[in-house]
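The following questions and answers go through one structure step by step. Please keep the sequence and the coordinates open while reading.

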Amino acid sequence: MAEKRLGIIMNGVTGRMGTHQHLARSICAIREQGGVRLADGTRIMPDPMLVGRNPEKLKSLAKAHGVERWSASLDEALANKSDTVFFDAASTQLRPSVLKKAIAAGKHVYCEKPVATSLAEALGLYRAARAARVKHGVVQDKLWLPGLLKLKMLIDSGFFGRILSVRGEFGYWVFEGDWQPAQRPSWNYRKEDGGGIILDMLCHWRYVLDNLFGEVKSVSCLGAKHIPQRWDEAGKRYAATADDAAYATFLLAGGVIAQINSSWCVRVRRDDLVTFQVDGTHGSAVAGLTQCRSQARVNTPKPVWNPDVPQTIDFFDTWQDVPANAAYDNAFKAQWELYIRHLCENAPFKWTLLEGAKGLQLVECAWKSWKQRRWIDVPALKA
């Protein structure tokens, strides 16, 4: 069986997400399984080159994961013609500039989201990649989560009948950093550094809503800065200038109404850190990261409103688990494999830089809605 090398420059993978999801659980896992098998039997073996600003971190990370190549010089890495792919998981603010350099060097590009901090920048990247005739993609990992794959199966089977509404709850309490270390980096809470939950999470909600329930047509969003000050990694107090919660309602194609709360200032009392409840005429379901529970019309209890007596129905007990009848891989790895097949055998791949730009479009519409306190239409995006 033939094996072909695929040189991948991986920029900014010393961070938590880059290390765990993209390097360890995606590229290294693909290497351990013997590469990505194409339709003709050829196996594509990723050969990563780690790139970043801290040589010691890079050296340590490479050693820990059995990676032979690393460099603290992005320019030198881009100059190597045998590495044909550039991946970026570094700072959102720096992403447009490094992607443009990679595109100019003739590299195919794949990146984390948000792809930029503005729609104009995001569209500029898409146009540059198209003009350079390089292939491009954006991480949209939640589409391959087991819970959402089970939910999609219910949708495709017609389980819901006509879908009426979607209710999403995302978030958890991120400690302020004074008496207990924060679980997220401090830049997330500084707008001047590219922080903010609207920028971070509405890019996700755009592709989830578009791909599962219907294209987003309009949005009403209220942002909030609930915690005014936090403490950074050095224990220094700073002003939290970015929004740390967002309460958004979306009107989708077909009349479906979606409501999604996103907050780093909420304590969890639900099935998972993110849940989506879908209600339809024939049934409902609640999906988290891995689990999905459903309730059909014939299994729906019939409560009666009576505030004078204790509730006798255990509502949680009236839902059924959707079984895991398939083997679910890591969500990031699943999309990496699709992207590699797209590169090497021109397999379909719809999650492009234009799809990433749609996320920024929704972000800007949400910001406008918050500022003007009104509904904002989300027009079809023209490239």
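Q: Which residues does T42 touch, not counting residues up to four places away in sequence?
A: This is a predicted model, in which local features need pLDDT of at least 70, side-chain atom pairs count only at pLDDT 80 or more, and totals for chains, interfaces and linings use all residues. Residues are numbered from 1 along each chain as its sequence is written, and side-chain values use heavy atoms, with hydrogens and water left out. T42 sits in the loop between β2 (36-37) and β3 (43-51), where helices (H or I, at least four residues) and strands (E, at least two) are DSSP runs numbered from the N terminus. Taking contact as heavy atoms within 4.5 Å, and leaving out residues up to four places away in sequence, the residues that T42 touches are A2, K4, V36 and R37.

Q: Is T42 buried or exposed?
A: Relative accessible area decides this, with buried meaning under 20%, exposed over 50% and partly exposed in between (1.4 Å probe, protein chains only). Because its relative accessibility is 9%, T42 counts as buried.

Q: How are α5 and α9 oriented to each other?
A: Two packed helices are described by the angle between their axes and the distance between the axes. Here axes are lines fitted to C-alpha atoms, for helices over the stretch in contact, and angles run from 0 to 180 degrees between N-to-C directions; angles under 35 degrees count as roughly parallel, over 145 as roughly antiparallel, 65 to 115 as roughly perpendicular and the rest as oblique. The axes of α5 and α9 lie 8 Å apart at an angle of about 170°. The two helices α5 and α9 are therefore roughly antiparallel.

Q: How are α4 and α5 oriented to each other?
A: Helix α4 (residues 95-104) packs with helix α5 (residues 119-132) at an angle of about 5°, their axes being 10 Å apart. That angle makes α4 and α5 roughly parallel.

Q: Which residues of α5 meet α4?
A: On the α4 side, the contact is formed by P96, L99, K100 and I103. Their partners in α5 are E121, L125, A128, A129 and A132.

Q: How many disulfides does the structure hold?
A: A disulfide is a covalent bond between the sulfur atoms of two cysteines, and it is assigned here to a pair of cysteine sulfur atoms within 2.5 Å. The sulfur of C365 is 11 Å from the closest cysteine sulfur, in C221, which is too far for a bond. For the structure as a whole, the number of disulfides is zero.

Q: What is the phi of R133, and is R133 buried or exposed?
A: Most residues other than glycine have a negative phi, and most peptide bonds are trans. R133, found in the loop between α5 and β7 (136-138), has a positive phi although it is not glycine, near 60°. With a relative accessible area of 76%, R133 is exposed.
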